[in-house]
Every structure is written in structure tokens, then in C-alpha cells.
4 protein chains.
Amino acid sequence: MESNNRVEKRLNSLSGVMTLDNNDQFTSIRAISEAIAAPLEIEDQVVQSMPDASPIKWHLAHVTWFFETFVLLPHDPTYRVFDGAFGFLFNSYYEAAGARHPRPERGLLSRPTLAEVLNYRAYVDAAISKFLAQIPDHGTVAALMKLGIQHEQQHQELMLMDILNLFAQNPLRPAYTTPINTPLSSLKGHIWHNFEGGLYTIGHNGGSFCFDNETPRHQIVLRPFALSDRLVTNEDYLAFMEDGAYSRPELWLSDGIATARANAWKAPLYWFYDDQHAWQQMTLHGVCPIEPKAPVGHLSFYEADAFARWAGHRLPTEAEWEVAAADVPPSGNTLGSGQLRPLPIGCGGKDQIFGDLWEWTSSPYVGYPGFSAPPGAVGEYNGKFMSGQMVLRGGSCVTPDGHLRATYRNFFYPHQRWAFLGLRLAKDL
Amino acid sequence: MESNNRVEKRLNSLSGVMTLDNNDQFTSIRAISEAIAAPLEIEDQVVQSMPDASPIKWHLAHVTWFFETFVLLPHDPTYRVFDGAFGFLFNSYYEAAGARHPRPERGLLSRPTLAEVLNYRAYVDAAISKFLAQIPDHGTVAALMKLGIQHEQQHQELMLMDILNLFAQNPLRPAYTTPINTPLSSLKGHIWHNFEGGLYTIGHNGGSFCFDNETPRHQIVLRPFALSDRLVTNEDYLAFMEDGAYSRPELWLSDGIATARANAWKAPLYWFYDDQHAWQQMTLHGVCPIEPKAPVGHLSFYEADAFARWAGHRLPTEAEWEVAAADVPPSGNTLGSGQLRPLPIGCGGKDQIFGDLWEWTSSPYVGYPGFSAPPGAVGEYNGKFMSGQMVLRGGSCVTPDGHLRATYRNFFYPHQRWAFLGLRLAKDL
Amino acid sequence: MESNNRVEKRLNSLSGVMTLDNNDQFTSIRAISEAIAAPLEIEDQVVQSMPDASPIKWHLAHVTWFFETFVLLPHDPTYRVFDGAFGFLFNSYYEAAGARHPRPERGLLSRPTLAEVLNYRAYVDAAISKFLAQIPDHGTVAALMKLGIQHEQQHQELMLMDILNLFAQNPLRPAYTTPINTPLSSLKGHIWHNFEGGLYTIGHNGGSFCFDNETPRHQIVLRPFALSDRLVTNEDYLAFMEDGAYSRPELWLSDGIATARANAWKAPLYWFYDDQHAWQQMTLHGVCPIEPKAPVGHLSFYEADAFARWAGHRLPTEAEWEVAAADVPPSGNTLGSGQLRPLPIGCGGKDQIFGDLWEWTSSPYVGYPGFSAPPGAVGEYNGKFMSGQMVLRGGSCVTPDGHLRATYRNFFYPHQRWAFLGLRLAKDL
Amino acid sequence: MESNNRVEKRLNSLSGVMTLDNNDQFTSIRAISEAIAAPLEIEDQVVQSMPDASPIKWHLAHVTWFFETFVLLPHDPTYRVFDGAFGFLFNSYYEAAGARHPRPERGLLSRPTLAEVLNYRAYVDAAISKFLAQIPDHGTVAALMKLGIQHEQQHQELMLMDILNLFAQNPLRPAYTTPINTPLSSLKGHIWHNFEGGLYTIGHNGGSFCFDNETPRHQIVLRPFALSDRLVTNEDYLAFMEDGAYSRPELWLSDGIATARANAWKAPLYWFYDDQHAWQQMTLHGVCPIEPKAPVGHLSFYEADAFARWAGHRLPTEAEWEVAAADVPPSGNTLGSGQLRPLPIGCGGKDQIFGDLWEWTSSPYVGYPGFSAPPGAVGEYNGKFMSGQMVLRGGSCVTPDGHLRATYRNFFYPHQRWAFLGLRLAKDL
């Protein structure tokens, strides 16, 4: 795998262009998807490691289908579809866009081959470029192009999550890439940032791109609270484990302990115990020792919630988090750093609010007051998932640069662990 | 089953005492549980119809175990336990109270027999009466007694839910009791009650009994909204069904349509189609035709949410509901009416806000700002269930009289349908 | 449960009549079913402990349905059906007799009550008596009566199997009855009975009642073999367990070790380990210590097969067993003894060939050469089960007296353990 | 896929060498495995289409592991293992050969890559050749080499079964290869070959290679019987389907109709109904119309058994089949023909006894009288599977040439359908 360093350089050089907001952005973002796949063998891009994950080949095709289906087909009368079967194969969940291949069977599709998928990408890329050159940048197409680009960035994060999940299940424990130099932690103590109670306004103000679920901007009432200046670390979490974490139901939500027991959880996902080396962790760099001062990741909401209760504190609400993040620059240890892992405390952006790990909040994912989903297939983007999931904030080390902001709402089911997920403590004042 | 009318009279006469708040209350409430079981055969009290339900025999024992475990054992040094095995058999979910028999296997317990369970009840009742006579009514015991009584009332509702569920699965479709005279509906139109936006305060003010989950009282911001003056009716829901309800994914949450498909839902629970008689419904009075003007019941949250979207409106939040209910007297068609079914529109309490059917809200069940569960087993009463469930408000036709108030928060998982559940529409202004 | 001794006496007195082959036999056999149920509470007769088992109430009704459906309805034009719904509820598996209630849901039927089932029995009994008195004993009805009686005897064994299974899952470990005096074992050594190779004839010769699966009588070739003069004992099986039985895949069939692992088998069914008392066993007399010299029971075929391999021998084929049993009187420790458990070696019939425990053979259950099932519903009695099951021979301590013969073929799936199942070793010479 | 014809030629030319019994045989057989994989893309060789199937990459490695583990490691002291992890990854079911990767997760292994597996093959091939050149052909090694070669041939058939299963689940319905010219059927009538009853001897006589399960040769008694001179055809089976096959439980074994219902079977595996083209069939040549005169394939035992009952006949026993096949030359439409599908009636070997489709018998797969498995890992080859499966005879169109004989016993579970399976009728005389 001598190609890894080269690829990483490619990732780094590409990350520079990701803040552009012009016609080149489409090309740049598309190239990042292919750069992410570049260190992989063909074999790695076919397999689906679990129903929640998808094959890399599928991701590469699906994001392309999005541009074909929502930009080219409805707006470019000269466009001819690449392959009539791909609509069925690469629709993820858009009911309004027709029938689709069952999600858990994505890993059964050895065809189309990777080469065919890459041809599909090139074909659609060319069609988009030609189309964009021809039309004035009118509103609908521009909005759909922006949505398509943001959508592809979301799948770039999913690709790295899914690769780690796949490799973690292989007894050979392959490494996706080699690690680059890690800065040392400056972790000494732990500081609470205090916030006054009262009326606050949250949600996106509409001045630039945002997803529909970030609106409407609206007022809320907060009680006085404090937020920790750092993420919870591996050594914090080990102390919890050593204190009986997984066998103390009084620390858990009822659904949480039931899930932990049913799945025999004893540690975060990707941790495993080795008699010779104690706890180890599978990462995108292969198997590594646990780094004590780094943020603990790959936790379910249930584990994050139980840790907070054990620590005598609680998770923040999404409103508290957003208030605290409002003035923080939305950058940090994200995909462009090439680290592909959360950095030790003190090494990312300010308080590691952005990047490193998504932060579980105690807020169920529902629409803001006055929210309603837009009509049609694009309206299925977010609204229909507003049930049973929890909000996460702040982005991770595998989130593309430029993709984040303080109002960004990510969401996962409380049992899911394969994303780059961590937590920060909060408390009442 | 000639004894049904007698039993009903007993239920009615007992319901008169349920508003007393004195030493007789314990005896009165305990008698209602036995009155509910009285029309049943021994056989009916043994079976568990599904994992969510419990045998009647188990309910009768479990509520008794609650008094034994949380009142007598810790506070009455002279008390001798009735049977050492009952703690294991009749603990529902209190981790701090020790190991317990698995919930889905409650229906395997033919022993202890019903007669033994009734002996257990008599033994504990006598011990409680003796104990209460001896002690001054000091705080802890009084609080635990109140909690035990409220707890038994909650199980009275569960008993009727579980009996209906059991009988509905028997091809013989037995009737629990015979219906009493039903008033006619005065349904003509449909009125929106408007509410201004602004700061409101919700939650219990602490002046009388409430559950921990109703506190702390706190401020919230509401936008201007309106609430319908009536529940959604069976004829409303039939129109939704005839408009393709269950086959139109665009009306549903993603989890909702997946659940509906996986379970082949085509109508509310307990509805079945009969070529000769069209839609029929299994009720506590056996099989009945669908009453068009009566509120539609036994709906999941997913169905309620999809109906509201189809109707062009939405479900209320729990805060909106509480604001609207704040000045409504907490009475209506509840258990004491002896109706055991939701009455047609116009026949219950004011706007049928209380009684008839629990009303789904769009609010996930989480703790109020500043909530924390009390320590120990009693602290497991509510807090640990604050995950994955939705709030319901207002009570039902099988909720014991005197048990309800505007701040009362009930909760079920979004797929559950066996409770007496309905909906009321809301909209933004 | 002071009534147990009385019931047992009733069982004993009744067993005396079971060899009669006249008009009284129907009444006698029917009375035994009710005597078996007599020590039970109503609650015990409602529950289904697992999908393979049925509620006692269901057994009592089903065997009655058999007489109603196959004797009265087709042959007695004056007969009026007791309840039209019972055909649906109490048909076990006869496709030709119409639709039926799903087997795994038999435990959901609290109605009809036990009292109603007993009324059903009395009604059908009266109708049968009246009908038999009126007609000359012509062939078809006599054959169906005989089949119905044999069928009811089979369910008598099932009732006792199912009661043990139910009580074994109750943490209170109730006893069905109290044990009677047990003779001591005369076990000293172990003798091989040798049999020459050559042509033999097996199968029923048609002179008296037999099931269709015992025919046609036909020739087979056997190699020289030997059969042990005794069943394998608990102490034999403990030695196997102590030698690593369940963790040595080389001793098992592939399906066997997979089943043992999937179900975490560590011992025969109904054995459990108690730190204070070592291995104990749940029996119809409640919890008892393991009796070393008694035959080991409640084994799957997989365990019997693995034991035999471990012992350096093998299970007999059904032909070998039948050849060895041909001249042995078909009596021993069966239901009429009142023991309700396998007796120590040396205490039953000759070599305990008949009674005590059914003996697993290595023969898959298929039709004999030339076998074909009779047409119609009665033809479903045996033939359609000739797939995936193994033959057992010899009867058990809960098989009704007079029900057995050397050609009798019982059958269970290789993973099933709730019947009274044991094994005897064989070897090649 | 222009390479298909080339590959087919390669297959054809290789098939010529498969009857050699000398030192070149190893090389020739190994080359056939690679020729079978040659038309496939890398992507096709990674995926596991169901738990019963394996990825092609896994097959290629597993058969290599067999030679490494059972020939080289125990007998060649100079041999150095290729990769220590491969023993864990590529052991199929040999408990005595150590721990192994779970079968249903073979499709999660993107690594080792196909290129690495092909290196592994080359490495082991070279080591075997060097080793064989050095040693005199003493007994044990020669026997193990023969077993390894037969084993690889069995996996060649599995590779083609698994590829068809994978491609059949892809909505694109890829073709493995293009069909070659098919001869026309000479089907006119249907002839019964009669066989006298009496003593026969079956099983292998030991003069050449055979599997352990073909021994010991032994006597059996047969009644007079007749066997059809042809396989059951697609048009025969369509008539059965049109006569209500899958909805007539009286034609089925109880386990059979339960399996058919649970899996919603309506036709043989790989058949699907297309409004425009009626019944179609997925084959190794892609989607084809049903050929009426060709043998019906991809049937479960349950379907074969039900068909025979419907036709008024029965399946043959394995003994009957072997008696009938004893004098038939063991050749026909096997892999070397390049047809890769069953030929129409009249086109294969004599009566299509060998080749075309494996023929279900009514005989459960158990050891012959006196059979015992050899000790050690190689003894796990057949013996431990003698439970729950049925015997098939005769080979198929994807069985390698030279692999078959009259005594050969194949076996599958009665519900399995992905092998090339058909049936021939028998009857009593």
C-alpha cells in the first residue's frame, strides 16, 4: 500500500479548494470522493459490512445518481440517462424518485463494476459541466447543485465510516492509511464555561447555504448552564469502565442498558482487549493503543448518556451547544487535516468544538417550531427522519472541510456507534 | 357472564370514592383493581397476550409487591414478607430492587395461582392498614403511599388495555362487559381555538401530588398556534384510509412507513374487515361496528402523525396542549363513567380534553430542563424511560377517575397501539 | 395438593382397564385424560410453555375434537356439533379438516374455559356412547374409534411432557405429584446381547391394531450386532460431561454441535447446577437430586449420538431394536405404575426395553418400502411427518399402559428434548 | 465480456486432461478452478450471496488451504506456511484443524485480495510439485493428494452454483458466459425400466478412489420396482404448478409445505414470472425462456417429493438408483461439455443417469451399515454431516468430468435449491 502517502497528499491538496464557492467547487468536491477511494483495492469497494453501511462503490454511484436525478433529468432536456437500471440500484431512500434496491442487499451487487461506476461518474460530471456552462446560474439549479455538493460531502464522511467498519471486521485488520505526525496534548485541567439563563435565538439565519432542518430560526428559553471546555477523553472513559460502567443499570436509560446487554457491549465500538497489550483500538491507521488524552469516540448515545450520569453531570441540549458555538470559527481537525482521527485535547480548533468528533446532545431530533419539509423528493432529505434519533453537533475528523457551521444538525439513532461520535459534559448552574 | 352488570355497578359505586384524599383512599383504590378483575374467568388472568402486556394475575400481584417493597419492608420493622419468591416474580423493572423474572415470560407462570395472589393482596392490605394506624402520617411513608396508589391506578388502566388485547386475539372475541347507554354525538363542525405566541410556563407547581416527570415548572416560548376543539373521528380516519393512507410513504415518517409495512398495518389496531359488515372493531364490549362520530383510537404515533400531515395540519406539542388544558377541569369520560370506550364527539368533558383517549403529541419524552430523577429504586419510576418514547396527554376512558391533571405526562413508544390512544389536530397561526 | 395421592390411586385403578378391548375401553381411556389433569390448578391448564407444547386445556379439547370430527360428524347423521368455532380452535394439523388456529398461539386462548372444555368432553362422550349403542360395530367406525383411542393415549403422554416443561420454567418449581416408593437398582455390570447377521422381517403383521407407519412388514438384511442389556444411566452421562462432552466437536454430528452451541446446552434438559447441591433435576415430583443408577433422560438425538460415539459404540438402528424386542413382553414401567419417572436399572420390564424412556435409534423416520398413506384427513396422521425426524422405540414411564408393542415407531426431531427420551448402546460384531 | 468464448475453449481443452491419473492430474485440476474464475470480474469474486454460498475468492483459497494443511504441513518438513492467518480464514469446517472464521461472514473479507489469493495458489502449487517430485509415491500422501483433488473438483461445482446464485440476485442479471449450440430433444414418450426384487449389493468395492461414505459395500433387500428412463421436465413441472402445486398441502410433507409457505415459493429457484414473457429462468447464460423438454432443476427435496406424489409415483431410494446405474458408463453432460445447463431429454448420457442434474432420492443421508469415519480432521470430511440431509445421485452439468461413479453419494438439506438438482420418478411393481 505504498500509494497511501500519495493519496494523502492528494487529499491535502484538494482540501485547499474546498472553501471555494464558485463553478470549480463541483469539480473539486467530486475529486475528493475519488481521492478517498484511491487507497482502496477493488475488493474493498464491493462489500457492505452491515445494513447501516454501504459499499464504497455504491456511495460513488449514489452521489452521482443524485446529480443525474435531481439536476440533469428535470432541467437539461438534452441529457440522456447513462443506464436505465441505475435509478433502481442507486436510489437510497427517495420514495418519490421511484422503486429502489433494498438497502441491506447493496453488498450483493458485484455489478456494475467499479470501472463502470467510475465511467458513470465521468459521464455525469461531463454532462453537469456542459450544462452549467450553458445556463445562467438561475435559482433552482444553483440550489440543487449546492444541495448535491453538500450531499456528496456527507457521503465522503460515510465512506470513511464504512471503510473503518469493514476493516474492523477483518481479522487481518488492514490499515486504510498510515498516520501522520500527531501533536501532543496540552491537557491539564478542565474548565467550565458559564452561560446565563434567558431568551436566546437559534437556527440558521438564511444568509448562506443550510439544510432545511436548521430552520426556522426561533427563540428559546435557557436556564443558566455550563459547558466543559473539552471533550471526554479515553482515560475518562476507562475510569468509567473500571467503575463497572456496563454492569450498573442505575447509570443507564432503560433502553440503553437493554441494548448494551443484548449486544454484550463492554467498551466503545472498535475497542478490543488483548491480553498482551491491554485495550487496543481499530482505526483508519489499523490497530493502535488507546491514546489516554484523546477524545473517546465510537460511543452510542446510551453510553454517552450513562457516562455523563456517572460523572455527575449531563449532556448538553442542542440549543445550549449552539449558543456556546455561535461565535466559534467553524474549523478544526476535519478531513483536510489528513489526521483521520480525533486529536488529543488541546490540538484541534477552539475547545475542539468543531471537528474531531460529533458531540451527542440530549435533544431528540425533531423539527424546529414552524418547520415543514419542502414538497417532492428533495423534501425527503431530512424531514422524514425526525423520529427516534438524537441530535449531534460539531462535526468530526472525517467531515469535509467547509461543511460545518454552528447551526448544523446531524442525527443518529441512539444505538448507532460507527460514526465518529463523542461527548462533552454540561451542567446546570 | 351474568355478573357483568353487577360488576359495573360495583365499579360505578367505587368510582365515587376515588376523589377522597384520606386514609380510606388506599382501601378504595385497591378495591377497584379487584372490581376490574371480577368479570374475568381464572383462565383470563393467567395469559400474557404479547410481551408489552402482562397477565391480570401479575398486575394484581405486582402492585401489591410495590407496597410491600417500598412501604412495608423499609419502614415497618414488624412486617414479615409474604413469600420470599414474590420479589423475583413481581418486580417489573426496578433494577435497584434486585433480580427479576423476564417480562416476556410472565405468561408462563401458572403458579402462584390467582387464589394465592388474592391471599397476598389481603395479607399486604392488612399489614398496610395496621401500619398506617400505628404511625403518625410522616412525610416519607405518606409520599410512598401516594405513589403506590397512583401506581396502582396506572396498572388499572393497563389491566383493561391488556384484557382487550387478549380478547382481541381470541377467535371467539369474548366481551369483557356489556355496553351501557351511549349518548348521541352533537358533532357539527370543527372549531380552532387560537392561542397567542409568547412566553408561557408549564410543569407542575408542586401544590399537590405529581410525578417527578412533571417538574420543574419552567418557561417556554411558543409561536402563535391553534388547537382543534375535538378529537379526530373514525369517519375522519376512514377518509384518510380511503385516500391511500398506508400506501403513501410521502405522508409518513421514515420509521413510520417502515413499521407499517413490516407489520402489514392497514387500519388501527383492533379494526378488522368483514365482507358482510365492512369495518368492525374489537372493544371491551366485544365486536362492534365502527361508530363514525366517535374518536378514532388504538393508533400508533406514526399513524397519528401521518394523518395530521395528510390533513394539512400537525400534532400539537406537549407544551401547546398543556397551555390549552390549563384551565379545563380534569374530568370527563374516564373509568368511573363505566363506558369503557371513547364517547362520540360532544359527549365527554369540555372538548374531550380529559378522558376518552390519550392524545399523541409531537414531543419526544425527555426530562424538563433541570429535571433529575430521585436516588434509589423509586427514582427508576420515570427517568430511565426518557428515551425513544413520545408524550401523550389527557387520559382515556379507562383511566381511573381523579388520576389526571393538565400537567400529567404519559408516554409510549411510537409504534405502540394497545393503549387507548387518539389525536387532536394543531396548526401554526 | 393433598389430592395427589388420591389422583394417583385413580390413575392406578384406571390403568387396570386399559387392556380391555370392548365397549368400555373408550370410557376408560377418556377417564385417564381427566385423571391426569386432576392434580392441576385451572391456571396450569391454560399456559403453553413453548411452541412444541400445548396447554392441557387444549389437549383435552383436541382429542375430543378428533372423535367429533372423524367419528360423529361423518357417520352419525343425528349429531349436532357442540360449537362451530371448536373445529378451528382444536384442529392440530389436519389440512384436510380445514383452517386452524396457529400452533404457537394456543396459549393465548383463555376461552373456552376449562369448564367449557369439560362440558365439550361430556357432550361428545355422551354422543359417542349413544352412537356406539345404536350401530353394529362395523369396520370403519370401529377402526376410527380405535384410532381415536390410541390418539388420546398419545396425548396423555404429551400432557405429562408439557406439564413438566411448564413447571420446569416456573422459578417456584411446583411438583405435579409426590413420588411413590422407588425400588433399588440391581445394576452391577453390563451385558451385550449378540444377534446374528442375516435376513430378518420387521413391521407389523396386521393381526391387531397398529399405526400405518408400522407397515408393510418387510425383509431387511442385518450384519451381526450386539445390544446392551440396559439403558445408559445418569452416572454414565455425568462421566461423559466430565470428559468435556459439550466442548468436544469431534464427538458430535455437525448439526448437533451447532445446536448445542446455539442453545448453550451444558447438560440434559431439566438438569441445573446448584452450588450447594451439585446437579439437580426438575421432575414431575419437583426438584430431585440426580439418581446415578437411573437411566439418563431428556436428551436430544444429538446428545445421544455424541454419547454413543464417546463410549466407542453407536446407537442401534430401528430394525436392530425391533429384532431384539420381538420376543419381549410389551410391558414395564409405564403410566400405570404411577412412578412417572424412569426407574433405576433392573427395576422395570425385561432389560427395560419397554417403558422408562423412549430409546433413540440411528434411523431417520421414513416410510417402510411400499408404504403409502391412506387418503383423506386420517392419512395425515403419520405419513406427512416422514422428514427430518428420527425413530424412537420402546415407550416411556408416561406412556399409557397397553399402548406399546415391538413394532411401534415414535419419532421426534433430533433437537427435541422435552419427551422422556434416553438411549441404549449397540455395536457391530 | 468478449473473453467468455476463450475461457470456454480453455475449459473444453482442460476437460480433456481430467481423466488422466498421473502426476499431471494435480496441475490440470488446479487449472480448471482458475479457468472457472476467469470470466469473472474481481468484484464478482468477493461477494457471498447467502450463508450457504461462499465468495469465489474464498473457494480458490480454501482448496489451496486443504493441500497446505493436510499434505504439506504434516508431510513436508521444509514447507513454510504462506501466511499464518490463512488457516483461520480459509478453514471451512474442520474442527480438528483449529478455529475458523464464521461461514456467514466470508463475504466481509475484502482482504486478502484476489491477487494475494492467486499468489497463494501459485506458492502452494509450486511447493506441491517440488514435494511430489522428491518423494516416492507412498500411500498416505498419494491418498491425501487424491482426496485434495476430488475436494477441489467438488468446489469447482460449488463455484458455478455460487456464481449463478450471486448473479440471480443482481437486477442486472449478468451472464456468466454465452450459450453454445444446444441439441434438440428426442423426447417422445416415457419408459419404465423394471427391476426384480431380491438381494442386491451396493457401495463401492474399493478398487479405485472413493469417498468414505460409499463404503462398506453391503447387501440390501429390494422389492420389485421401476425407474423412469428420463428426468422430469420443465413442462411436467409446469403442469404440476398449474394444478395448484404450492397451495395443495395434501401433496406435501409437513415440513415441506411449511418451508414453501414460509419462503413464499411459487416455482423452482431462479424462475420468475414476467408479464410479457411468461416464466423465465436465470441461468449461467443470463435470463432464458423455460425450455419445455429440458429437465426441471433447482428444486428442493420437498418440491421433488410433492411432484412425485402428485404424479402418483415416488422418488427412488438411493439403493434402487445405484442398482439401476450399476452398468451405465459414468459420463454424460458434465462440466467438460461446456453446456453449463441440463440438456433436453435424450441429449446427455444414457437416460441422463449421469450429468445434467443431481437426482433427489427418498433416502436420508446416513452411514452405511458398518460405516465409521476415519480419525482426525480428514475424518470430518463426510461423517459428521450424516444428519438431516437427503442423498442425491448422478451428478450435474457443472460436475467436473471424471468425478462421478454409480456409488457416489451427494447430499443436501431438503430445503436447499441452489445446486443443480432434479428428479426421476420411481414406482413399486
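This dialogue explains how several features of the predicted model above may be read.

Colleague: Which conventions apply to numbering and confidence in this predicted model?

Modeller: Residues are numbered from 1 along each chain as its sequence is written, and chains are lettered from A and ligands numbered from 1 in the order in which they are written. In this predicted model local features need pLDDT of at least 70, side-chain atom pairs count only at pLDDT 80 or more, and totals for chains, interfaces and linings use all residues, while side-chain values use heavy atoms, with hydrogens and water left out.

Colleague: How many aromatic pairs does the structure hold?

Modeller: Rings of Phe, Tyr and Trp (its six-membered ring) pair if their centres lie within 6.5 Å; planes under 30 degrees apart count as stacked, over 60 as edge-to-face and the rest as tilted. Over all chains the structure holds 140 aromatic pairs. The rings of B:Phe26 and B:Phe67 are edge-to-face, because their planes stand at 85°, with the centres 5.0 Å apart. B:Phe26 belongs to helix H2 (residues 24-37) of chain B and B:Phe67 to helix H3 (residues 56-75) of chain B, so the pair ties together parts that are 41 residues apart in sequence. Helices (H or I, at least four residues) and strands (E, at least two) are DSSP runs, numbered from the N terminus.

Colleague: Are B:Phe26 and B:Phe67 buried or exposed?

Modeller: Buried means under 20% relative accessible area, exposed over 50%, and partly exposed in between (1.4 Å probe, protein chains only). Both B:Phe26 and B:Phe67 are buried. As for D:Phe211 and D:Tyr381, their ring centres are 5.3 Å apart and their planes at 15°, so that pair is stacked. D:Phe211 and D:Tyr381 are buried.

Colleague: Where does C:Arg409 lie?

Modeller: A charge sits over a ring if NZ of Lys or CZ of Arg is within 6 Å of the ring centre and within 35 degrees of the ring normal. C:Arg409 lies over the face of C:Tyr368, at 4.0 Å from the ring centre. In chain D, D:Arg409 lies over the face of D:Tyr368, at 4.0 Å from the ring centre.

Colleague: In what order do the 4 strands of the open sheet in chain B stand?

Modeller: Two strands pair if DSSP finds at least two bridges between them. The order in chain B is S10-S9-S8-S11, with mixed pairing. Strand S10 (410-412) and strand S11 (421-422) of chain B are at the edges, each with a single partner strand, so one side of each is left without a neighbour in the sheet. Strand S8 (residues 358-364) of chain B runs parallel to S11(B), joined by 2 bridges; B:Glu359 has B:Gly422 as its bridge partner in S11(B).

Colleague: What rotation superposes chain A on chain D?

Modeller: Two copies of a chain are related by a rotation about an axis and a shift along it. Copies are superposed by least squares on the C-alpha atoms of residues with pLDDT of at least 70 in both. Here the rotation is 180°, with 0.1 Å of shift along its axis (RMSD 0.0 Å). The two copies are therefore related as by a two-fold rotation axis. In chain A, the C-alpha of A:Glu43 is nearest the axis, 3.1 Å from it.

Colleague: Which residues does the cis peptide bond with omega of about -10° join?

Modeller: That bond joins C:Arg111 and C:Pro112. C:Pro112 lies in the loop between helix H4 (86-90) and helix H5 (114-134) of chain C. Another cis peptide bond, with omega of about -5°, joins C:Thr215 and C:Pro216.
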